[in-house]
Every structure is written in C-alpha cells, then in structure tokens.
Amino acid sequence: MKGNCFRILSLDGGGAWALIQVRALQKLYGTDARGHEVLKDFQLVAANSGGSLVLGGLIENLTLHEIDNLFQNPTRRSSIFSPLGGLSGFGDDVLEKVCGLGPKYSTTHKLYGIQAALPRFGTTPLDGLPRTLDNNAAWPRFLIPAFDYDLRRAMFFRSDAQSVANNMAYLGEPTVAEAIHASTNAPINYFNQPATFRSSPKYASHRYWDGAVAGYNNPVLAAVLEVLANQQRYATSVQQIVALSIGTGNTALPLPEPLVPPIQAADGGLVLHPQDSKLTADIRILSQSILSDPPDAATYAAHLALGGSGCCAPSAPVSGHVVRMNPLIRPCYSPGNWNLPPNLSATEFTDLVNLDMDAVEPRQIALINRFCDLWLADDVPNQAIRADERFQTLIGQCKFSAASAAWQSIGVTAGCGNAPTTDQAPDAGAPTAAQAQPVEATQ
C-alpha cells in the first residue's frame, strides 16, 4: 500500500474502446510494464466488459503493449467479436428488420477467444489465484460485475469470496475467463445469447449479460462500496480510500437550447437533436443506453461517498479522493459559440459520435487511436466528475495531464500518507501537483 492509502483501480466497459485504458496505463507505467507491476499498486480492481478484458491481461501478466495488441490486432479482435453465422428465429428476424437491431457476434466463440488470450490464469477460479504476484507483492482483490439473466439482478464476481458484501457466496466463484465472459456479454445488438456456466458444481448453470445491464458500465461506485463494506477486514477507513477511474470515451453533446449569452452557431453536428419518440426508436436508444455512463453519475456518487465536496464553481474546481481519466467527445464552449476540439475535424467528430462500441474495422480502430492521441496531448477534454451546462469543470480535472498529476499526488492531497509513485516519471511538461486544478476558461 502506497503511504496509508487503500487504492482502487476501476475500468469501464466499452468494447474495443478499452484500448484507451491501456494507453492511459502506458502513460502512467510505461509501454512495456507488465500487468503485475500495475496490479501491485492497487488493493482492489473493479472492471466491467471491455475493462475486464484489460484486467484479464493484467492478471495474465502480459505487458501493456501485449494487452493493447488484444484490441489493435484484427485477428485478436475477431476472436472476441466473432461474426455470427446462421439465421435468427422467425420472430427475431422480423424484429431485427423492423428495429434495425440484432446480435452480430457469437457468445460461445467469445469464451474461446478469452480463454486463448489467458492461457496461464484463465482457467483459475477467481477466488483461487496464487497468494502473491510474480513480483511477490500481494494480489489486489477483484470485482467484476455482470447481470444475472434469470434472477434479473446485478451479480458481482469476487476474488474475495468472504467479502461481507457477498450475499451469493453459496454459488462459488467462476474462473477468471468465465467472469470476464459474463461481464463482456453485451445484449441485443451485440452477442447472441447469455453467457452460461456453473459457478459451482453443486448448482445449476446461471445465465449472464454484461454488467452494464445492471448499471455498472462504470464500476467505480461498486468498488468504493465494496471497500466501505469491508473497512474492518481491509484495515482501512473512508479517509484512506482513493480511486483511479479510467473510462473508454463518452459522448456529451449540448441540447440546442438558448443559453446566456445565446449560442450563435450551435449546430454542425455539435449539438444533440432530440428524436421523435416511437417504439422502434425507443427500443434502439434504450438498447444502446445501457452501455452509456452519464458524465458525472458513478464517479460523482463515489466522490461523495468518500467525503468529497458537492458544491463548487468553475472558477475554483475541486478534487477529492476520486480521479477520473476519460476522453470526451464533446464541443468546447467559447462566449456565444460551440467549437470543435483543437485538431479534430468536423468529419472525425461526427464519426466518433456515431461510432459504436463494437468497433472492429481497422479504420474505426485508427479513429479511436487518433481520438486517444488527442486526449493524451490535452487537445480533447477529459471527463469531469461534475461539470456545468457549458461543460466547465466543477469537480475533477479538465485535461489528461492534470488528471495524471492529480493521481500522482493523491496520497498527499487526500491526506492519507506519502504521495504514490510509479516506475515511470510523468511526461515532460505534465503539471505539478500545484497545477493539477486548472480553470477551464474556454471549454
């Protein structure tokens, strides 16, 4: 434990967009740092969907470059997003044609792809991992959400089976690969059937969808509550808990409503145009919304749960025990106008807004990489924990470099001991701890 902090790493879902998380970790730890080097810095790691694939690579002790290759390499991507062959049933086929929805990928083949990517630990029960990491540091605890299709409720797979928050301990824990399989199983427009397996030989199989269905696409709040429930067992307190929450990119567009002063050019694909409410549109929107995380939902709740301030102003943004790293596809505000982020073209902006989470084509991956490049260079804004209607940061950091600096110094700023360090110094030009709270004057 660095200083006296209990450190949480939380990884959002987001399909192939999870490459953004890997690249953020590379900025913090170095391109070829191994998974166990990253894991030794945390006491609990929570991950959903695409983030759980990243977690699997960390558990497997792959280098961050090798984990990145799981998303960058077309062959590796297709082992997870394996195209679905055959025809749907008649009723499903009609619904798919009417609504423009329907599964595209094989659930069964996805499990095989995950197992192939994790030959060392994929078949190990989640609560049966070795006592120590390869570097002899203690394993962190793991928390992976899913949605139980039959019980119609959230299910959390834990490496700490004795957690006082575990009310389903009788089921046992699945293997690492099975837990990731359940958590990555996005429904309706992605995979064709629930992930099915037995967590215990004594009980019947359960069926699972992605943890996003249960509202845990961003699992940081679940992770914070897990630690709060186990404070005595984990020998920590609310004052000592800090969390790094890394996303996979979100879209935040303003509505075309007049502001003061009025917006003069709030169009050109930079605003959100409400659609007519009808059954086919509603089904499509709701099926996609389960994979979305509002800009300040889970992270804001986690911030408050850890004693953070709920009141702030754009002129003096505040931080707390939660650091959020996540690029936003959103316009930047200047007096009377919305503008494109620096160095991002109108075509690229529109393509990013419309790009689904199951990006599998090389040109789509290239676009996500470019978006990530701009975020890491501070040209694309970082997601605030709380922002106002013009996206000015109220809580959190408006740039990646500021979020990185805030995480580097959080042991001091949170008042729980020595500042945490990493094996790699921050990038040249990254702000110091004193500069970690810039005012977002033009965004």
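Let me start with a convention: angles under 35 degrees count as roughly parallel, over 145 as roughly antiparallel, 65 to 115 as roughly perpendicular, and the rest as oblique. Axes are lines fitted to C-alpha atoms, for helices over the stretch in contact, and the angles run from 0 to 180 degrees between N-to-C directions.

Now the ground rules. This is a predicted model, where local features need pLDDT of at least 70, side-chain atom pairs count only at pLDDT 80 or more, and totals for chains, interfaces and linings use all residues. Residues are numbered from 1 along each chain as its sequence is written, and side-chain values use heavy atoms, with hydrogens and water left out.

The overall picture first. The chain has 15 helices and 14 strands. Helices (H or I, at least four residues) and strands (E, at least two) are DSSP runs, numbered from the N terminus. Of the 443 residues, 55% are buried. Buried means under 20% relative accessible area, exposed means over 50%, and partly exposed is in between, with a 1.4 Å probe and protein chains only. The accessible surface is about 18000 Å², and carbon and sulfur atoms hold 53% of that. Those areas come from the Shrake-Rupley method with a 1.4 Å probe; for residues, only the protein chains shown count as cover. Now contacts, meaning heavy atoms within 4.5 Å. Take those with a separation of 6 or more: 75% are between residues 24 or more positions apart.

On to the helix pairs. Two packed helices are described by the angle between their axes and the distance between the axes. Take H9, residues 220–229, and H11, residues 298–305: their axes are 8 Å apart, at an angle of about 25°. H9 and H11 are therefore roughly parallel. H9 contributes Val-220, Leu-221, Val-224 and Leu-228 to the contact, and H11 contributes Ala-298, Thr-299, Ala-301, Ala-302 and Ala-305.

Next, H1, residues 19–29, and H3, residues 50–59. Their axes come within 9 Å and cross at roughly 45°. So H1 and H3 are oblique to each other. On the H1 side, the contact uses Gln-21, Val-22 and Leu-25; on the H3 side, Gly-50, Gly-51 and Val-54.

Now the strands. Two strands pair if DSSP finds at least two bridges between them. Start at E2, residues 44–47. Leu-44 and Ala-46 point one way, Val-45 and Ala-47 the other, and all are buried. E2 runs parallel to E1, residues 6–11, with 4 bridges joining them. Here Leu-9 stands opposite Val-45. E2 also pairs with E3, residues 141–148, in the parallel sense, over 3 bridges. In E3, Phe-142 is the bridge partner of Val-45.

Follow E3 onward. E3 and E6 pair in the antiparallel sense over 3 bridges, with Phe-147 opposite Trp-209 in E6. E5, residues 195–197, is joined to E6 by 3 bridges, and they run antiparallel. Ala-195 stands opposite Tyr-208 there.

A few single sites. Glu-178 lies in H8, residues 176–183. Is Glu-178 buried or exposed? Buried, with a relative accessible area of 17%. Leaving aside neighbours within four places in sequence, Glu-178 is in contact with Phe-197 and Arg-198.

Thr-350 sits in H12, residues 346–354. Thr-350 is partly exposed, at 34% relative accessible area. Thr-350 and Leu-270 are 80 residues apart in sequence, yet 8.3 Å apart in space, C-alpha to C-alpha.

Then H14, residues 400–408. This helix is mostly covered: 9 of its 9 residues are buried. Among them are Phe-400, Trp-407 and Gln-408.

Last, the cysteines. A disulfide is a covalent bond between the sulfur atoms of two cysteines. The cut-off here is a pair of cysteine sulfur atoms within 2.5 Å. How many disulfides does the structure hold? It holds 0. Cys-332 is buried, at 6% relative accessible area. Cys-398 is buried as well, at 3%.
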